[in-house]
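Hi,

Here is the structure I promised to pass along.

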Amino acid sequence: MNNSRKKFRYRRRYLANINAFGSSQLHLRNPLVIALWSVAFPGFGHFLLHKYLRGYALFIWELYINQKTLLNTAMMHSFNGNIQLAKSVLNEKYIYLYIPVYLFAIWDSYRTAVDENKLYLLAKRENAPFPIFVMNTFEVNYIDKKKPWLALVWSLGIPSMGQLYLHRMVSAAFTLIITLMIVEYSNFIEGFHLFFLGDIAASKAVIEPQWVLYMPSIYFFGVYDAYVNTVEHNKLFDREQANYLRKKYQSKDFVVYKGEPVQ
């Protein structure tokens, strides 16, 4: 949230931030799920927590160190039972740099998820306001109802389209650039085309395993991220709408009784 804006300055915590390039919000998350996404690929857990700078740093580090160690290639040989070949491929010069950062990403994403859940409960109790409409020279962004299944379908087509549907411009651009880079270096499209034609041997020959093994994590994370954030985006819309109607139209004398009705 932009703390310099007088309308929101008196608040200690904020439920959401809406700007021209995207949105970030607090909501309840399962810390174990967040940690498991960091296991799949360092940085993913932080992306789900909307901790983008830390997430980008961890993601780029994972990509760099994985390429230096040829870890994906070694994993592929291990899965095929070629342990000696996997050991010969693995670059031991950098592998010990990989382990501590990998473990840190898992631990930090779990810890941060626990902290953000506490912050969400406090911000929710404070009923903190947030902007719902932003317009500037570059973009227009606003909170409205979106369809989670539609975000999922677009993400199944090409990673980043679900984020674009949700108007998360930075996330969409980053995901699209990474996807294009992986497709380029892995020869994924050519391999898929040959596989579709039934030429399995040619498909295996053209695919670059070091790069193609990034694809499952990127692809399924994009689907999950788009769907979950659309669901939470809709909850944010409902909350803001309820607050507005309560403030503008509900009588100050209106009382909702909890428990047994008053006789």
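**Two loops and the overall picture**

His167 sits in the loop that links α8 (161-165) to α9 (169-186); helices here are DSSP runs of H or I with at least four residues, strands are runs of E with at least two, and both are numbered from the N terminus. Its phi is near 65°, a positive value in a residue other than glycine. His167 is also buried, at a relative accessible area of 13% (buried is under 20%, exposed over 50%, partly exposed in between, with a 1.4 Å probe and protein chains only).

Before going on: this is a predicted model, where local features need pLDDT of at least 70 and side-chain atom pairs count only at pLDDT 80 or more, while totals for chains, interfaces and linings use all residues. Residues are numbered from 1 along each chain as its sequence is written, and side-chain values use heavy atoms, with hydrogens and water left out.

Leu70 is in the loop between α3 (52-69) and α4 (71-79), and has a positive phi too, near 55°. Leu70 is partly exposed, with a relative accessible area of 32%. As background, most residues other than glycine have a negative phi.

Zooming out, the protein has 13 helices and four strands. Its C-alpha atoms fill a box of roughly 75 × 45 × 40 Å along the principal axes, and 40% of the 263 residues count as buried. For contacts (heavy atoms within 4.5 Å) between residues at least 6 apart in sequence, 69% join residues at least 24 apart.

Cheers
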